[in-house]
Amino acid sequence: MARFSTDIRKEQIKGAALEIIYLDGISRFTTKRLADKIGISEAAIFRHFSSKKEILLDILNDVETQLLASMKEIEQTKEAAGIRLHKIVCLTIHYLVKNKGLSVLMLSEMAENCDPEINCKVQSIFLGQRMIVEKIAAQGVDKGELKGETDPHAFSLLYMGIPVGIQIELLINKSGFLEEGFCEKTSKTFLQNYINSEFDMSQNIKPSL
């Protein structure tokens, strides 16, 4: 069996964990199933992670350093609110499709409150997403880029429905999720009711990230 560096093996373990959660649900995620899937021993798993909980926390740490960090970078640009929101919608979709099982993990933990530390981490991520989207929406309203009746807080809540919708789509289409053009269509459908008519989405929103 090929020997991998610690970092590569840890990424392999986390990827396999998300795949198990995606295909079989979080209740069937065990270190034994994880070891069998990768083709290593449970002892090898525990050389890299002290517990199943640590694996899940490391996955959620990745969400903070990858998805949330990228969202913050987009939020801090000087682009129009519509463009930034479009990029964030597409970024969210791409990330969830790439990391299948993540939505199952996060929504299950929120619903079942299985572990206080994991639950707190999930809440922090969800709150971070909402705050970024709400801030951009508020800026868009102030600058007249979004319609004046748009409520930034309510808008951010509607954005949080996207991960739920993506998870449903992933569960329905486990044989293969066709993402081509999906984020652009979803983003424009989501934003078209909020963008001021003076702001031409077709000209100002880039077709892809």
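This is a predicted model: local features need pLDDT of at least 70, side-chain atom pairs count only at pLDDT 80 or more; totals for chains, interfaces and linings use all residues.
Author: Residues are numbered from 1 along each chain as its sequence is written, and side-chain values use heavy atoms, with hydrogens and water left out.

Reader: OK, and how much of the chain counts as buried?

Author: Of its 209 residues, 47% count as buried, and buried means under 20% relative accessible area, exposed over 50% and partly exposed in between (1.4 Å probe, protein chains only).

Reader: Which residues have the most contacts inside the largest nonpolar core?

Author: Those are Leu34, Ile55, Met71 and Leu102, in a core of 60 residues. A nonpolar core is a set of buried Ala, Val, Leu, Ile, Met, Phe, Trp, Tyr and Cys residues joined through side-chain atoms within 4.5 Å. In soluble globular proteins, nonpolar side chains tend to be buried together.

Reader: What is Met71 in contact with, leaving aside its neighbours within four places in sequence?

Author: Met71 is in contact with Ile88, Leu91, Gln129, Ile132, Val133 and Tyr159, where contact means heavy atoms within 4.5 Å.

Reader: Switching to helices, at what angle do α4 and α5 cross?

Author: Helix α4 (residues 52-75) and helix α5 (residues 81-98) cross at roughly 165 degrees, and their axes come within 9 Å. The axes are lines fitted to C-alpha atoms, for helices over the stretch in contact, and angles run from 0 to 180 degrees between N-to-C directions. That angle makes α4 roughly antiparallel to α5, since angles under 35 degrees count as roughly parallel, over 145 as roughly antiparallel, 65 to 115 as roughly perpendicular and the rest as oblique.

Reader: And which residues of α4 and α5 meet there?

Author: On the α4 side they are Asp62, Val63, Gln66, Leu67, Ser70, Met71, Ile74 and Glu75, and these meet Arg84, Lys87, Ile88, Leu91, Thr92 and Tyr95 in α5. The residues of this contact divide into seven nonpolar, three polar and four charged, where Ala, Val, Leu, Ile, Met, Phe, Trp, Tyr, Cys and Pro count as nonpolar, Asp, Glu, Lys and Arg as charged, and the others, Gly among them, as polar.

Reader: How do α7 and α8 pack?

Author: Helix α7 (residues 116-142) and helix α8 (residues 152-159) pack at an angle of about 130 degrees, with their axes 8 Å apart, which makes α7 oblique to α8. Among the residues making the contact are Gln129 and Val133 of α7 and Tyr159 of α8.

Reader: What about Asp7, buried or exposed?

Author: Asp7 is exposed, with a relative accessible area of 58%, and this residue is found in helix α1 (residues 6-24). Asp7 and His48 are 41 residues apart in sequence and 9.0 Å apart in space, C-alpha to C-alpha.

Definitions and conventions. Helices (H or I, at least four residues) and strands (E, at least two) are DSSP runs, numbered from the N terminus.
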